[in-house]
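Subject: Structure handover

Hello,

Here is the structure for your files. My notes on it follow below.

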Amino acid sequence: MAKTFTKIGKQIAIAVKAGGPEPDMNPALRACIANAKRENMPKDNIERAIKNAMGKDHADYKEVNYEGYGPHGVAIFVETLTDNTTRTVGDVRSVFNKFSGNLGTQGSLSFLFDHKAVFTFKKKDGLDMDELILDLIDFGVEDEFDEDEETGEVTIYGDPSSFSAIQKHLEADGFEVTGAEFTRIPNDLKDVTPEQREAIDKMVERLEDFDDVQTVYTNMKPAEE
């Protein structure tokens with residue numbers, strides 16, 4: 001949980017640096033706060049992260065992606081937020097080397113993953129999803145969506161470049177946005193054996209141990225349940 005809070009704190013810092021500390025005036029910060037609440041991050045921690053981001057001595061983080069192949073030809077896409085790229089690339093490369101992988105150049109594997117904006121919100125009574133999707137179609141929102149009947153939440157997927165516009169539309173329509181983020185969905189899944197899956201899982205876990213690493217994606221085919 002502490003690592004999750006650290007990662008969210010970095011996201012908050014970037015949002016504050018870019019758009020200021022007032023959530024009402026900063027859509028990116030509102031999205032970070034929604035994600036923080038979704039992860040049960042205490043309110044005090046959120047407020048502290050915002051305050052710290054305003055300090056002169058606070059580190060400036062930037063987004064850096066690392067891409068390559070792990071064992072058995074599985075594609076690995078690593079998203080990081082770092083204030084020291086030398087440290088981060090060294091950490092990431094060490095894991096690729098340990099697992100006999102091959103770290104490639106930035107952008108070399110992006111064609112294997114579809115970049116998506118993801119929004120989760122509370123479903124309102126009487127909501128017509130077809131009508132909502134039609135309203136959002138100009139923002140590249142897909143007609144397929146996920147609905148969780150247990151939580152009463154709906155998740156939609158759209159064009160990353162329209163992230164702010166989608167968020168603004170949902171908020172203007174009175175939806176309670178409970179999650180707003182980006183994701184990468186593999187478009188060419190690779191079959192692996194149980195033994196190979198175990199090796200890839202270990203590599204992903206090792207990468208996720210680093211504080212600079214935000215998310216690790218692979219094109220490994222999900223295990224059958």
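Is Lys 3 buried, partly exposed or exposed? Lys 3 counts as partly exposed, at 40% relative accessibility; buried means under 20% relative accessible area, exposed over 50%, and partly exposed in between (1.4 Å probe, protein chains only).

Some ground rules. This is a predicted model, in which local features need pLDDT of at least 70 and side-chain atom pairs count only at pLDDT 80 or more, while totals for chains, interfaces and linings use all residues. Residues are numbered from 1 along each chain as its sequence is written, and side-chain values use heavy atoms, with hydrogens and water left out.

Salt bridges

The whole structure contains 14 salt bridges (a side-chain nitrogen of Lys or Arg within 4 Å of a carboxyl oxygen of Asp or Glu). One of them joins Asp 211 to Lys 3, with the closest N and O atoms 3.3 Å apart. Asp 211 lies in the loop between helix 7 and strand 8 and Lys 3 in helix 1 (residues 2-19), so this pair ties together parts that are 208 residues apart in sequence. Helices (H or I, at least four residues) and strands (E, at least two) are DSSP runs, numbered from the N terminus.

Glu 171 and Arg 30 form a salt bridge at 2.6 Å, N to O. Glu 171 is in helix 6 and Arg 30 in helix 2, so the parts tied together are 141 residues apart in sequence. Glu 171 is partly exposed at 29% relative accessibility, and Arg 30 is partly exposed at 22%. Lys 10, Asp 83, Arg 87 and Asp 212 are linked in a network of salt bridges.

Arg 197, in helix 7, is buried yet has no salt bridge. The nearest side chain of opposite charge is Asp 201, 5.6 Å away (Lys and Arg count as positive, Asp and Glu as negative; His and the chain ends are not counted). Leaving aside residues up to four places away in sequence, Arg 197 touches Val 192, Met 220, Lys 221, Pro 222 and Ala 223; contact means heavy atoms within 4.5 Å.

Nonpolar cores

The largest nonpolar core has 18 residues (a core is a set of buried Ala, Val, Leu, Ile, Met, Phe, Trp, Tyr and Cys residues joined through side-chain atoms within 4.5 Å). Helix 7 gives the largest share of this core, 4 residues. Among the residues with the most contacts inside the core are Ile 76 and Met 203. A second, separate core of 17 residues includes Ile 156, Leu 170, Val 177 and Ala 180.

Aromatic pairs

The search found 4 aromatic pairs. Rings of Phe, Tyr and Trp (its six-membered ring) pair if their centres lie within 6.5 Å; planes under 30 degrees apart count as stacked, over 60 as edge-to-face and the rest as tilted. The rings of Phe 119 and Phe 163 have centres 4.8 Å apart and planes at 35 degrees, so the pair is tilted. Both Phe 119 and Phe 163 are buried, and together with Phe 182 they form one aromatic cluster.

Positive phi

Asn 40 is not a glycine, yet has a positive phi of about 60 degrees. Asn 40 sits in the loop between helix 2 (27-38) and helix 3 (43-53) and counts as exposed at 60% relative accessibility.

Regards
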